[in-house]
Amino acid sequence: QLHDRILAAQQADGSWRVFYDEEEGNLSATVEAYYALLYTGYSKKTDESMRKAKRFILSKGGIQNITNVLTKMFLAATGQYPWPTSLLIPLEFLLLPTSFPINFFDFSAYARVHLAPILLLADRQFVITTDASPDLSDLAGNRSGNLDFFHSALLHPICPCTYDQRQLSRGFQVLLEEIKTGIGKLIGVPQRLHEVATKWAEQYILKRIEPDGTLYSYASSTFLMIFALLALGYDKRHPVITRAVQGLAAMLCSLDGKVFLQNSPSAVWDTALLSHALQEAGIAAESMVIQNAASYLLSKQQRNFGDWSIHNRNPVPGGWGFSDSNTINPDVDDTTAALRSIKRLSLNEPSYRDAWNRGLNWILSMQNNDGGWPAFEKNTDNELLTWLPIDGAKTAAIDPSTADLTGRTLEFLGNTAGLGLRHSFIRRGTDWLINHQEEDGSWYGRWGICYIYGTWAALTGMMSVGVEPDHRTVQKGVRWLLSIQNSDGGWGESCKSDQLMRYVPLGASTPSQTAWALDALITVHPKPVPAVEIGIRRLISVLHEDDWTTTYPTGAGLAGNFYIHYHSYRYIWPLLALSHYKRKYGGFED
């Protein structure tokens, strides 16, 4: 079933795409698909589909031009390309204390759980093959002599449009020097330090395994963990590895006859958003559907200390995570979403009131020193780490304040918690948004696509805490939204935006992006304006459509590599926008 699902997504030119309008195909995704299909045994190199895939890969320069670091790791670990002869980051880096200028915990939480097993694998130069392993050596393109795959591919600019090669090299050299200086201050015999670092990495991984057997509830890091434990000598039947495989299998999902693996199931996020949207539409908090959702969310609140408390000097456990299996990695967005959902119940029921207070205090404690809010951890914004020569380091290596998280948090604090500009921490968050508006009036959103998402979050957040509609920053954002409205009345933005770091129109309207833009405009305008009326009509009509625009990914994971299609987004955000329109303007014309 997985084979057939992957094969069915192949394009006419032999490639696979990460999103619909990625016209030139995606080299990393195509190599992964080609490799996986051959590994199953159901596809053969002589099949026309595989011949086309190979031609596409070679037309892009071959396997050495891959930019996705995870693809590279899997290829190296499974014997399809040699590991580098020297390491980019020594394993001893893991031993640097948090007091050092550069240390392991400066990385974002999601980067760390991938980096630890990667460093172990690279250190051991681990390779595992099976009788079913395909041979991908014919995908090497015009590879010369002893070209080092990692030292050539990893040192390409992350994006030619936004990075200069010389800047990248200088920045990376500074980063390496900082790391080497720190390691040089460690006391101990080099061999012993290396052994301690290896054990530290192993324990770091084992301590972050979730009850379902996965590492931090991510499929991608779980794959790497399995390889890393094998590299350390674990038997493939070891209970930790067996449970990890079972955890991965539990992430399989079937929809419309197609089976796929979720990288991180979104049950908590979906439940919180759906419950809040229904309540905004008029469903009573006492109804069974809301009560059941609230009971589930209450059971998923995290009251233990996790890695997030390392950078949080006044920790108040009480956040929520993204996945059903997530018990140690809460985040700001899921926490505000859950709190919106249980707000009405918290007014009368003590158990929900306690959960509400703990969650609210946790959110307030997570505000960054710069005034904005991060996703997972406070003040993990060391810019040096973004110079790592890997694709997507700018968005993956650190977890800084972002417009979407800051705006969404302010919207929660204003509309749901009743806080406003009279509070200094609200003013600081508002100032952060004002100071980070783009020249054209938009804001960049990290976890959604992309400028529409960020602008919606920023505008609704500022309005909720008391910023006046005629504020120049608000009006500039409104003008930008109006300037990108499609001729059909809707809005749509391409996933290319987060690669080029500028707004790229999709050329069509999507349900969620149309709803985000409308929700922002409704928040600002006291009376419906023509653009809103036209947009509402388009939003209603798109609810009855079912084509590529309704499944276009509007959730962001890793720029250029990983995007998320939330199946419920096409209902959640339109329902919220329509509910807010009706509440503010009194209903619809027809």
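Author: One may begin with a definition: helices and strands are DSSP runs, a helix having at least four residues and a strand at least two, and they are numbered from the N terminus. The model shown here is predicted.

Reader: In which strand is Leu252 found, and is Leu252 buried, partly exposed or exposed?

Author: Leu252 is found in strand β1. Buried means under 20% relative accessible area and exposed means over 50%, with partly exposed in between. Because Leu252 has 38% relative accessibility, its class is partly exposed.

Reader: Which residue of β2 is the bridge partner of Cys253?

Author: Strand β1 covers residues 252-255 and strand β2 residues 258-261; the two pair in the antiparallel sense over 4 bridges. In their hairpin, 2 residues lie between the strands, and Asp256 takes a positive phi near 55°. The partner of Cys253 in β2 is Phe260.

Reader: How far apart are the end C-alpha atoms of helix α8, and what span should its residues give?

Author: Helix α8 runs over residues 190-206, which makes 17 residues. The expected span is 1.5 Å times one less than the number of residues. This gives 24 Å for α8, and the distance between its end C-alpha atoms agrees, being 24 Å.

Reader: Which helices are included in what covers the buried residues of α8?

Author: The buried residues of α8 include Leu193, Ala197, Ala201 and Ile205. Residues three or four places apart in an α-helix point the same way, because there are 3.6 residues a turn. Included in the cover of the buried residues of α8 are α5 (109-124) and α9 (219-231).

Reader: How many residues apart in sequence are the parts that Glu23 and Lys496 tie together?

Author: The side chains of Glu23 and Lys496 form a salt bridge, with 2.8 Å from N to O. Glu23 lies in the loop between α1 and α2, and Lys496 in the loop between α19 and α20, so the pair joins parts whose separation in sequence is 473 residues.

Reader: Which residues are linked with Asp307 in a network of salt bridges?

Author: Arg112 forms a salt bridge with Asp307, the closest N and O atoms being 3.4 Å apart. Asp307 also meets Arg208 in a salt bridge of 2.8 Å, N to O. The network links Asp307 with Arg112, Arg208 and Glu377.

Conventions:
Residues numbered from 1 in each chain as written. Predicted model: local features only at pLDDT ≥ 70, side-chain atom pairs only at ≥ 80, totals over all residues. Heavy atoms only, no water. Buried < 20%, exposed > 50% of the residue type's maximum accessible area, 1.4 Å probe, protein only. Contact = heavy atoms within 4.5 Å. Pairing = 2+ DSSP bridges. Salt bridge = Lys/Arg side-chain N within 4 Å of Asp/Glu carboxyl O.
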